[in-house]
Amino acid sequence: MLLQFSVENFRSFKERTVLSLEGSSDKNLPNNVVEFGKEKVLKVATVFGANAAGKSNLFLALTAAIITVKRSDVRQVGEPLYTIVPYLFDNESAKEPTSFEFVFVAEGKKYVYGYSATNQKVCTEYLYVYNSSRPTTIFERDESAEEKYTFTNQALKTKLKPLTERNTENKLFLATATAWNAEETKIPMMWITNSINTYDTNYENALNITGDMFEKDSDNSLRRFTNNILKEADINICDYEFESRDVPLEGIPALVLANQPGTVPEIRGKEYKITTKHIIEDEKGNKEVFPLGMQLESLGTQKIFFMSPIIKKAFETGETVCIDEFDKSIHPMLVCYLVGLFNNPDVNIKNAQLIISTHTMSLLNLNDLRRDQIYFVEKNQKTGVSELYSLDEFSPRTREDIRKAYLLGRYGSVPDLGMGDGLWD
């Protein structure tokens with residue numbers, strides 16, 4: 001479970017910005033939190049804000065932080081860290097490193113992992129674990145220090161110090177140590193690799209991830225789940241056919257097999273064909289099933305279809321799912337329904353988490369979401385700096401009309417619209 005994510009000096013987030021899923025003392029909607037020791041952890045966090053306020057940059061920060069870890073072990077010496085993009089409207093900030101930090105629970109323990117990096121190298125890195133109420137340092141790294149790596153005790157130093165020689169300045173030690181079977185780093189590395197993910201809202205890109213899930217649905221559990229989601233969405237699709245075939249990938253350099261000189265293997269990928277089945281009733285009440293290619297379905301139907309395996313997987317594994325523009329092409333009532341599934345303990349039995357950006361005003365009510373589950377992003381138009389803050393900071397009353405107050409600008413984070421007088425100047 002993610003407890004907290006922070007970012008500093010990334011795109012429009014110049015100052016340290018914290019997205020916290022640690023619940024406040026609010027006692028409303030107890031099903032929306034899960035207990036971890038004395039702490040309450042939120043199952044859902046929603047982010048609202050005007051267009052170009054910086055919502056997408058927050059999700060890009062999550063993506064950059066995760067991908068930099070995932071791809072660390074395959075990064076070549078001297079290869080840039082392409083995902084690192086600092087705040088560029090300040091000459092000093094543009095030269096400074098970007099910082100990320102995760103606070104999370106994995107296999108019953110609380111961890112803190114963070115690093116700072118430019119697009120050329122890692123500058124600092126650290127990992128702490130809570131074996132008790134106080135953190136224990138597993139390792140700290142500072143590339144500017146004389147002693148670049150420090151460890152909490154001699155036993156850890158003896159075990160991990162030799163692995164630092166296998167690391168490079170553009171790689172994260174968390175990934176390098178895990179690749180060389182260091183037990184102390186394995187759990188946090190596996191959590192970042194497998195248990196928190198950001199997803200693209202474009203269904204074509206989502207198919208690259210979900211296609212394999214549909215293909216391996218041997219017990220038809222995903223089929224049943226997807227059909228039920230479509231039924232709840234009031235879409236008259238009763239079933240679907242999923243086909244896949246191997247196709248050659250164009251534009252990828254061919255590789256020569258080392259053990260078969262002179263031969264060129266064909267690099268192949270997957271091509272998917274999806275056909276939905278609609279039940280259509282004529283004037284006499286006769287029903288017939290008609291097939292329809294997925295490309296002919298509405299964008300909303302496509303998105304719901306390809307989102308289904310992601311949601312199902314999260315409920316089965318307890319994954320933290322992060323989706324920008326979650327409500328794109330989806331009806332507000334369905335958005336509320338899908339968010340409600342994550343807050344429902346009977347459905348979300350593994351305590352999966354959902355972090356989304358949205359414009360769905362229906363979610364702005366304290367009957368479905370707690371105050372600490374609602375965040376706003378606002379950008380200073382003079383400096384281009386984004387700020388993230390929680391509704392909980394305003395302490396609205398439970399019966400207050402949050403939607404109305406938001407649209408009136410009481411919480412900021414709404415566009416300051418002109419009257420169009422200057423359009424023809």
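# Exercises on a predicted model

Thr275 has its place in strand β13, which covers residues 268-281.

## Exercise 1

Decide whether Thr275 is buried or exposed, and find which residues Thr275 is in contact with once its neighbours within four places in sequence are left aside.

Step 1. The relative accessible area of Thr275 is 12%, and because buried means under 20%, Thr275 counts as buried.

Step 2. With its neighbours within four places in sequence set aside, Thr275 is in contact with Asp239, Tyr240, Glu241, Pro291 and Leu292.

Step 3. For one of these, Glu241, the C-alpha atom is separated from that of Thr275 by 5.1 Å, although the two residues are 34 residues apart along the chain.

## Exercise 2

Describe helix α7, stating how many residues it has, which of its residues are buried and what covers them.

Step 1. Helix α7, residues 221-232, has 12 residues and reaches 17 Å from its first C-alpha to its last, which is close to the 16 Å expected at 1.5 Å a residue.

Step 2. The buried residues of α7 are Ser221, Leu222, Thr226, Asn227, Ile229 and Leu230, and what covers them includes helix α6 (203-215), strand β12 (237-248), helix α8 and helix α9 (332-343).

Step 3. Just after α7, Asp234 takes a positive phi of about 65°.

## Exercise 3

Work out how α7 and α8 cross, and which residues meet there.

Step 1. Two packed helices are described by the angle between their axes and the distance between the axes.

Step 2. The axes of α7 and α8, the latter made of residues 299-317, come within 9 Å and cross at roughly 120°, which makes α7 oblique to α8, and the crossing is right-handed.

Step 3. From α7 come Ser221, Leu222, Phe225, Thr226, Ile229 and Leu230, and these meet Ile304, Phe305, Ser308, Pro309, Ile311, Lys312 and Phe315 in α8. Sorted by class, this contact has 9 nonpolar, 3 polar and 1 charged residues.

## Exercise 4

Carry out the analysis for α6 and α8, and say at what angle their axes cross.

Step 1. The axes of α6 and α8 come within 10 Å and cross at roughly 45°, and the two helices are therefore oblique to each other.

Step 2. In this case α6 passes α8 in a left-handed crossing.

Step 3. The contact is made on the α6 side by Tyr203, Ala206, Leu207, Thr210, Met213 and Phe214, and on the α8 side by Leu299, Gln302, Phe305, Phe306, Pro309, Ile310 and Lys313. By class, the contact of α6 with α8 has 10 nonpolar, 2 polar and 1 charged residues.

## Exercise 5

Methods:
Residues are numbered from 1 along each chain as its sequence is written. This is a predicted model: local features need pLDDT of at least 70, side-chain atom pairs count only at pLDDT 80 or more; totals for chains, interfaces and linings use all residues. Side-chain values use heavy atoms; hydrogens and water are left out. Axes are lines fitted to C-alpha atoms, for helices over the stretch in contact, and angles run from 0 to 180 degrees between N-to-C directions. Helices (H or I, at least four residues) and strands (E, at least two) are DSSP runs, numbered from the N terminus. Angles under 35 degrees count as roughly parallel, over 145 as roughly antiparallel, 65 to 115 as roughly perpendicular and the rest as oblique. A crossing is left-handed if the near helix is turned anticlockwise from the far one by less than a right angle, and right-handed if clockwise. Contact means heavy atoms within 4.5 Å. Ala, Val, Leu, Ile, Met, Phe, Trp, Tyr, Cys and Pro count as nonpolar, Asp, Glu, Lys and Arg as charged, and the others, Gly among them, as polar. The expected span of a helix is 1.5 Å times one less than its number of residues. Buried means under 20% relative accessible area, exposed over 50%, partly exposed in between (1.4 Å probe, protein chains only).
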